[in-house]
Amino acid sequence: MNNMTERTTEQNSALLAIDELIKFAFAKQMIKIADLDYSRNLLLSKFQFDEPYNPNVAILSMVNEGQAAAEPQIMIDTLIDYAHSIGQLQENTDTYRDLMDAEIMGLLMARPSEVTADFYDTLDREGIEAATDQFYQLSINSNYIRMDRISKNVYWKQPTGYGDLEMTINLSKPEKSSAEIAQAKLMPPPSYPKCLLCRENVGYAGRINHPARQNLRVIPLQLSGESWFLQYSPYVYYNEHCIVFHHDHVPMQLTSQTFRRLLDFVDEFPHYFLGSNADLPIVGGSILTHDHFQGGRHTFPIEKAAVEQVYQHPAREGLTLELVNWPMSVVRLRAYNDSQLLEAANDIYEQWKVYSDEQVDILASSEGPDGVPVRHNTVTPIVRRQGEQYEMDLVLRNNRTSEQYPDGIFHPHPEMHHIKRENIGLIEVMGLAILPGRLKEELDLIASILTGDAALLEAVRAQPDHQLALHGPWIEVMVDQYGTELEHDQATLAVQDEVGRKFAHILEHAGVYKKDAAGREGFARFMTHLGYRLK
C-alpha cells in the first residue's frame with residue numbers, strides 16, 4: 001500500500017491511531033527517541049501495514065507536533081476495531097479485546113531488565129518515593145492499570161461507631177459472557193503460568209481463561225534474604241495498590257519469616273504499608289497457592305481507629321500493645337526496635353494458633369476426617385511505619401464452620417449474603433469494602449422503589465426469580481423505614497447508608513471477639529494469657 005488516496009477510512013483511522021499511540025508513549029517516556037521508528041514499525045507490522053500514515057513526515061517532527069493524548073484508550077479501541085474488521089480478533093468481546101489491548105501496549109514498553117534498571121537508577125538518584133511514583137505511572141500509562149474502568153467504581157464513605165469506613169462497588173473487572181465462561185470450563189487446567197501471581201506472567205499473551213500480560217512489568221526485591229517481586233494490581237482498589245509475590249510458586253504460609261519480610265519491606269518502602277491475607281481457607285481472602293502480600297500508599301480506616309486499651313509486657317520494655325475500637329479483633333504492636341516487634345508478634349501468633357476459649361466459641365482446632373487435628377486460628381498481619389516507629393496490626397482470625405454457619409462462624413452470616421458472601425480478606429479487614437459489581441444496578445433499582453416505583457416493588461414481591469428477589473426482606477424493611485416518596489438523591493443516600501451499615505455488621509461477624517461484654521472479657525483473658533497487663 002503506497003498511495004494514501006487508495007486507503008479506506010478505516011485504514012486511515014488505524015494508521016492515525018498508531019501515530020497517536022507513538023506520540024503518547026513518547027510523551028509519557030515509555031519510549032525514547034531511538035525507539036520511535038522501531039516501535040512504530042512493530043505496530044505497523046501487527047496490523048499488516050507497509051508504511052505509516054504519512055511516510056514523508058519525519059517521525060520526530062510528528063511526535064513533537066501538537067499535544068499528545070492524555071490516555072491511550074481511544075487509539076487502542078480504534079486499532080482493535082480495525083483488527084476485528086480484518087479478522088485478527090476472534091470475537092469482539094471484552095475478553096478478546098483485552099487480550100489485544102495488552103498486546104498493543106506491550107509493543108510500546110521497554111524490556112523488563114530496562115524497567116528494573118530505570119527503577120533502581122531513580123531510587124539511587126531521587127529516592128524510593130520517586131522510584132515508585134515512576135513505576136506506578138508506567139503501569140497506568142501502559143494500560144496495565146485500566147484507570148478508565150477504575151474511575152467507574154462507586155465510592156462513598158460510611159460513618160460508623162468505628163470511624164468512617166470506605167465503600168466501593170467494583171466495576172473495573174470486565175465480566176465474561178456466558179459463552180466465554182462455558183468455553184473456559186472446557187479448557188484444561190492451566191499449567192503455565194501456574195497462577196496469576198507467577199513471575200512467568202510477565203509478557204504472557206494470555207488466553208480466554210487467563211488475562212494477557214504483555215504490558216506487565218515487575219521489580220525484583222530481596223526480603224529476608226529471598227527473591228521476591230513487586231508489581232501493581234491492575235484493579236488498584238486504593239492508591240498505589242501493589243502486590244509483592246514470591247519468586248517461586250510456593251503456597252501461602254504464616255511464620256516468623258512472614259513478619260520479618262513485612263518489616264524488611266517497610267524498611268525499604270517506608271511510605272507504603274504491607275500486609276498479608278491469612279493462610280487458611282475462608283479467612284484467606286485471596287490466592288492461597290502463591291505466597292504474596294498486598295501493600296500500597298493509602299491510610300485505611302483501621303489505622304485511624306481509636307485506641308481502647310493500652311497494655312505492656314513486663315519482659316518487653318519499649319513495646320506497646322493496643323486494642324483498638326474496631327469491628328474485628330485487632331492487636332496493635334508498636335516499637336522502635338523491629339527485632340523486638342518481630343519477637344512479640346511471633347509469640348502472640350504462636351500462642352493464638354493453639355488458644356481456645358469455649359466461652360466465646362473459639363476453638364483452636366478440631367478433628368479432621370482422618371483423625372488429624374485441623375487448625376482454625378491464624379492472623380491477618382499488617383505492617384506500617386509511623387516515622388521511626390514500627391506498627392504492626394495482628395487481626396485475630398478463626399475459620400471454623402458449624403451446622404448453623406456452614407460458610408464460617410466468623411464470616412458474613414447468611415442474612416448478609418445478598419450484599420456479600422465472599423471471604424473477608426486483608427483489604428476489607430482494614431475497612432475498605434469491595435462489593436460485587438452486580439450491586440450497582442441492584443441498588444439503583446432499590447432506590448427507584450424508594451422513590452415510588454410501585455410496579456417494580458410488586459414485581460419483586462410476586463416473582464421469586466426476580467433480579468432483586470435476594471434483597472426482598474431487606475427491601476421490605478427499607479420501605480417500612482423510608483417509605484416510597486423519597487427524592488432520587490435521598491433514596492440513593494439511604495440505600496448506600498444501609499449497605500454501609502451492613503458492611504460494618506459483616507466485619508463484626510468476622511471478629512472473633514464480639515463487641516459485647518462477653519467478647520471484651522474474652523479478649524482480656526487472652527491478653528492475660530499472653531502475659532500483658534493494662535498500662
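**Close-up views of a predicted model**

By the distance rule applied to this predicted model, the count of disulfides is zero.

View 1. The cysteine sulfur closest to that of cysteine 195 belongs to cysteine 198 and lies 3.8 Å away. A disulfide requires two cysteine sulfur atoms within 2.5 Å, so the sulfurs of cysteine 195 and cysteine 198 are too far apart for a bond. Cysteine 195 is buried, at 9% relative accessibility. Cysteine 242 is in no disulfide either; the nearest cysteine sulfur, in cysteine 195, is 17 Å away. With a relative accessibility of 0%, cysteine 242 also counts as buried.

**View 2. The open sheet of S1, S2 and S15, with helix H17 lying across the three strands.** The strands are arranged in the order S1-S2-S15, and their pairing is mixed. Strand S1 (154-160) and strand S15 (432-435) are the edge strands; each has a single partner, so one side of each is left without a neighbour in the sheet. On average, neighbouring strands here are turned by 25° against each other, direction ignored. S1 runs antiparallel to strand S2 (residues 163-169), and seven bridges join the two. Tyrosine 155 has threonine 168 as its bridge partner in S2.

**View 3. Strand S14 between its pairing partners S10 and S13.** S14 (residues 389-398) is largely enclosed by the rest of the structure, because 10 of its 10 residues are buried. In a regular strand the side chains alternate between the two faces of the sheet. In S14, Gln389, Glu391, Asp393, Val395 and Arg397 point one way. Tyr390, Met392, Leu394, Leu396 and Asn398 point the other way, and both sets are buried. Strand S10 (residues 330-335) is antiparallel to S14 and joined to it by six bridges. Alanine 335 is bridged to tyrosine 390 of S14. Strand S13 (residues 377-386) also pairs with S14 in the antiparallel sense, over 10 bridges. Asparagine 377 stands opposite asparagine 398 in that pairing. The hairpin of S13 and S14 has two residues between the strands, and glycine 387 takes a positive phi near 65° there.

**View 4. Packing of helices H1 and H4.** H1 (residues 9-27) and helix H4 (residues 73-85) pack at an angle of about 145°, and their axes are 9 Å apart. The crossing of H1 past H4 is left-handed. On the H1 side, the contact is made by Glu10, Gln11, Ser13, Ala14, Ala17, Ile18, Glu20, Leu21 and Phe24. H4 contributes Met75, Ile76, Thr78, Leu79 and Tyr82.

**View 5. The largest nonpolar core, with isoleucine 104 among the residues with the most contacts inside it.** This core has 108 residues. Phe47, Phe265, Val331, Leu333 and Tyr513 are listed with Ile104 as having the most contacts inside the core. Helix H1 supplies the largest share, nine residues. Leaving out residues up to four places away in sequence, isoleucine 104 touches Leu21, Leu43, Phe47, Ile76, Leu79 and Ile80. Two of these, Leu21 of H1 and Ile76 of H4, also take part in the contact between those helices. Another core, of 53 residues, lies apart from the largest one; Tyr237, Tyr238, Leu435 and Ala504 are among its members.

View 6. Methionine 62 has a relative accessible area of 11% and is buried. Its contacts, neighbours within four places in sequence aside, are Asp19, Ile22, Lys23, Arg40 and Val57. Methionine 62 and aspartate 19 are 43 residues apart in sequence, while their C-alpha atoms are 7.8 Å apart in space.

**View 7. Aspartate 357 in the loop between helix H12 and strand S11.** The loop runs from H12 (338-353) to S11 (365-367). At 6% relative accessibility, aspartate 357 is buried. Apart from residues up to four places away in sequence, aspartate 357 touches Ile362, Gly522 and Arg525.

Terms used: Residues are numbered from 1 along each chain as its sequence is written. This is a predicted model: local features need pLDDT of at least 70, side-chain atom pairs count only at pLDDT 80 or more; totals for chains, interfaces and linings use all residues. Side-chain values use heavy atoms; hydrogens and water are left out. Two strands pair if DSSP finds at least two bridges between them. Helices (H or I, at least four residues) and strands (E, at least two) are DSSP runs, numbered from the N terminus. Axes are lines fitted to C-alpha atoms, for helices over the stretch in contact, and angles run from 0 to 180 degrees between N-to-C directions. Contact means heavy atoms within 4.5 Å. Buried means under 20% relative accessible area, exposed over 50%, partly exposed in between (1.4 Å probe, protein chains only). A nonpolar core is a set of buried Ala, Val, Leu, Ile, Met, Phe, Trp, Tyr and Cys residues joined through side-chain atoms within 4.5 Å. A crossing is left-handed if the near helix is turned anticlockwise from the far one by less than a right angle, and right-handed if clockwise.
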